[in-house]
Amino acid sequence: MSAATRLPERAYNIATLRRMAARRLPRMVFDFVDGGAEDERTLQRNEQDFAALEFLPQPLNGTATRDQSIELFGTRLKLPVLIGPTGLAGLLWPRGEIEAARAAARAGTIYTMSHGSTVSIEDLANQVVGPKWFQVFLYKDRGLTQSFTERARAAGYQALVLTIDNQILGQRERDLANGFTIPPRFGLRTSANLLRRAGWLMAMSRAPRVTMANYVTDQRRDLLALAKHMPELLDPTLNWRDVDWLRSIWAGPLLLKGVLHPEEAALAVEHGIDGVIVSNHGGRQLESAISAIRALPAVAAAVAGRIPVLIDGGIRRGGDVVKALALGATACLIGRPHLWGLAVAGEAGVAHALEIFRADIDRVLALGGWDGLAAIDRQAVLLPGHWTGLHPHERQREAGSLRMFAKTDARLGSA
Ligand SMILES: Cc1cc2nc3c(=O)[nH]c(=O)nc-3n(C[C@H](O)[C@H](O)[C@H](O)COP(=O)(O)O)c2cc1C
């Protein structure tokens, strides 16, 4: 057992894990995970908007235990928190995706493998027993998307997640400032920082060469070549016909990740999609996109319980999860929180991050007088007044694309 595996004991919340990750990772690797697009407004608002919601508890309702299990596409999960897809987790810890997936399985939840993982679809499936989803993109070469779906099916991944908000890369300015490349290259300026990261350096020097394992072919092995290749592979013309095509070749649960507009959510149901993930990619893509939690109520109203609505972005505490469920989510995904745990202590760190969420959720339920997730409804939280005040229908009642917000407000009532 390495010294690092004992570290989570001191991490009593996700913010502490983040600080520990900042001390262990080279600055440019930490910033690659931590950063967002342009001025990082969406990144910040993802968190701030959770903070703006308030609970309305009814504590005279005590129970000895509180059930936080949920069922998603026939799988029972022990907590309503899944691990979302994050590329290149193997930069943080050797074979990081396998470590994280093991932690998810142990905690009784789902691991979503990113297209851009450093281990392959098959490798992870062979190493980890437990429910797994796979995330794909739409490529100019539809054959590549199809081959990923076929590999995922053959390897036993239960659901497919199509990410729709990443066909063009957002501008991540911390990466530009740090001269971050894939794989990271350390020059004179960054080497001094690197030398103070001995734990990471030693672990990574023993690790297999980091690459985007799913894309490796005989011609393309090198990560730099693969990473450069990525923008050319993705198809910026992505539209509903492509969604229909993917629907026609994947029989299992299919989710769209990156849905923020209620009309797009309603269309997803019409196009036979099984679940939507309300997400702005953790503030890494379209700068100034609406925060995920703020987009959720209108999306949930548009979907009207017909398919599960999941959400990610800015979820840092179990209380955030309970707030999201109160506003209509079925479950939440976490990106950075699990990566910070992974950076600090591999599998143990991810397990610790998930345990923080489990314990938080239980405490919030107990303090609020809710005997389980089933007791959480719209009455459990208050929306800040300025949320409704800023909803566009107040000023632009006639604007067609925004009508849905007005409907949501009417349904939710003013809080
Ligand atoms: C380092 C990193 C890599 C990511 N890679 C992917 C990816 O390959 N595919 C994808 O759909 N989303 C990717 N995401 C976005 C996450 O799935 C998720 O939407 C986001 O991290 C949620 O916000 P949070 O980090 O605040 O929890 C990535 C996020 C991070 C931080």
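Reply: Two strands pair if DSSP finds at least two bridges between them. Helices (H or I, at least four residues) and strands (E, at least two) are DSSP runs, numbered from the N terminus. This is a predicted model, in which local features need pLDDT of at least 70 and side-chain atom pairs count only at pLDDT 80 or more, while totals for chains, interfaces and linings use all residues. Residues are numbered from 1 along each chain as its sequence is written.

Me: Which residue in strand 10 is the bridge partner of Ile277?

Reply: The partner of Ile277 in strand 10 is Leu310. Strand 9 and strand 10 (residues 309-312) pair in the parallel sense over three bridges. A crossover is called right-handed if, with the strands pointing away from the viewer, the path from the first strand over the helix to the second runs clockwise.

Me: And how many bridges pair strand 8 with strand 9?

Reply: Strand 8 (residues 254-259) is paired with strand 9 in the parallel sense over four bridges. Lys257 has Ile277 of strand 9 as its bridge partner.

Me: Are the faces of strand 9 covered or open?

Reply: Both faces of strand 9 (residues 275-278) are covered. Gly275 and Ile277 lie on one side, Val276 and Val278 on the other, and all are buried. A residue counts as buried if 20 or more other C-beta atoms lie within 10 Å of its own, as exposed if 12 or fewer do, and as partly exposed in between, with C-beta atoms placed from the backbone.

Me: Why does Val259 count as buried?

Reply: Val259 counts as buried because it has 29 C-beta neighbours inside 10 Å. This residue is found in strand 8. Apart from its neighbours within four places in sequence, Val259 is in contact with several residues, including Val276, Ile277, Val278 and Val299. Contact here requires C-beta atoms, placed from the backbone, to lie within 7 Å. The C-alpha atoms of Val259 and Asp165 are separated by 8.1 Å, although the two residues are 94 apart along the chain.

Me: Change of topic: why is strand 6 described as largely enclosed?

Reply: Five of the five residues of strand 6 (residues 132-136) are buried, so the strand is largely enclosed by the rest of the structure. Lys132, Phe134 and Val136 point one way, and Trp133 and Gln135 point the other way.

Me: Which strands are joined to strand 6?

Reply: Strand 5 (residues 111-113) runs parallel to strand 6 and is joined to it by three bridges. Met113 has Phe134 as its bridge partner. From strand 5 the chain crosses through helix 5 (residues 121-127) to strand 6, again as a right-handed β-α-β crossover. Strand 7 (residues 159-163) is also parallel to strand 6, with four bridges joining them. Here Phe134 stands opposite Leu160. Strand 6, helix 6 (residues 142-154) and strand 7 form a right-handed β-α-β unit.

Me: Where is Glu40, and what is its phi?

Reply: Glu40 lies in the loop between helix 2 (27-34) and helix 3 (41-51). Its phi is positive, about 60°, although it is not a glycine. Glu40 is partly exposed, with 18 other C-beta atoms within 10 Å.

Me: Lastly, what does the secondary structure of the protein chain come to?

Reply: The protein chain has 17 helices and 12 strands. Buried residues make up 50% of its 415 residues. The C-alpha trace spans about 55 × 50 × 40 Å along its principal axes.

Notes
Contact = placed C-beta atoms within 7 Å.
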